[in-house]
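User: I'd like to learn how to read a fold from its parts. Can you walk me through one?

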Amino acid sequence: MASTQTLSTDRIDSFEVALGKHFSEKPRYVPFKDRRLSGDMTVETMLNSCHGKYMTSWRGVPLMKDCFDLIITQQLLWDLKPQTVIELGAYKGGSALWTADIVKAFGFKSRIISVDINMSMLCPLARECPDVTYIEGDVSEIEKCLPEELLKTLPHPWFINEDVHVNVVGVLEYLDKFMESGDYLLIEDTNPIKPTKLGQGLIKSLGYDPLGNEKLEQVKISLDTT
Ligand SMILES: C[S@@+](CC[C@H](N)C(=O)[O-])C[C@H]1O[C@@H](n2cnc3c(N)ncnc32)[C@H](O)[C@@H]1O
């Protein structure tokens, strides 16, 4: 006779007590200054996660997010309930489309703006998404992409996702002038062991060069934590 195993209520209760203790000591969100600026992934794990990341799509539109990014970001969106999302780096539009769909599924409205130097890469499904405004421009001149007159009209809280990796200090210092307490800034690809070139995780024969600390150092300068 097959035996059925169930978790006792006592064990679930003690698990929840342990979780509560864990999270009171190690909360979900911590300020940048309190973060440990290193990761736990080995190079091999990172390369394997990139393998998946470069094949990830949403409704058939490629997006450059790995499984960790997607689960963390959806929770951030739920917790923050941003009224404005500013994405720097649209690529095919997959991440903007994903954000629009997630926000809609969560039942709140958000104005989504996505900036890229080359909008010819956008997939039609992403381009046609009515909830996303695409702005073509060079973030080296961020004040032209996102002029003051526009930024001042965008309701808070903001969720900003920096995923272009160009003019990081200039971009962050410019946007900081318009940000308010409660806004959230996500800066992608600061892990020094990430592969430098797109595709290196997928095609290891191309060789692997680590990204290095440059972007993280730029973020530290912008946040004045050096
Ligand atoms: C990593 S991809 C963005 C990926 C996208 N956020 C996603 O998750 O699918 C970086 C994008 O930055 C854009 N880019 C590169 N240089 C730029 C610049 N100077 N100004 C604006 N966009 C730029 C590229 O065209 C590219 O689409």
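Analyst: Helices (H or I, at least four residues) and strands (E, at least two) are DSSP runs, numbered from the N terminus. This is a predicted model, where local features need pLDDT of at least 70 and side-chain atom pairs count only at pLDDT 80 or more, while totals for chains, interfaces and linings use all residues. Residues are numbered from 1 along each chain as its sequence is written.

User: Which strands pair with S4, and in what sense?

Analyst: Two strands pair if DSSP finds at least two bridges between them. Here S3 (residues 84-88) pairs with S4 in the parallel sense over five bridges, with Leu88 opposite Val115. S5 (residues 132-136) also pairs with S4 in the parallel sense over five bridges, and there Val132 is the bridge partner of Ile112.

User: Is S4 enclosed or open?

Analyst: Count C-beta atoms, placed from the backbone: a residue with 20 or more others within 10 Å is buried, one with 12 or fewer is exposed, and anything in between is partly exposed. Five of the six residues of S4 are buried, so the strand is largely enclosed by the rest of the structure.

User: And how do I read the largest nonpolar core?

Analyst: In soluble globular proteins, nonpolar side chains tend to be buried together. A core is a set of buried Ala, Val, Leu, Ile, Met, Phe, Trp, Tyr and Cys residues joined through C-beta atoms within 7 Å. The largest one here has 33 residues, and those with the most contacts inside it include Ala96, Val115 and Val139. H4 gives the most to this core, with five residues.

User: Which residues come nearest to the ligand?

Analyst: A residue is near if its C-beta atom, placed from the backbone, lies within 6 Å of the molecule. Of the 19 residues around the ligand, Met64, Gly89, Tyr91, Ser95 and Ile117 come nearest. H4 (94-106) and S4 (111-116) are the elements that give two or more residues to this shell.

User: Where is Tyr91 found, and what does it touch?

Analyst: Tyr91 is in the loop between S3 and H4, and counts as buried because it has 21 C-beta neighbours inside 10 Å. Contact means C-beta atoms, placed from the backbone, within 7 Å. Leaving out residues up to four places away in sequence, Tyr91 touches Met64, Asp116 and Met121.

Technical notes
Contact = placed C-beta atoms within 7 Å.
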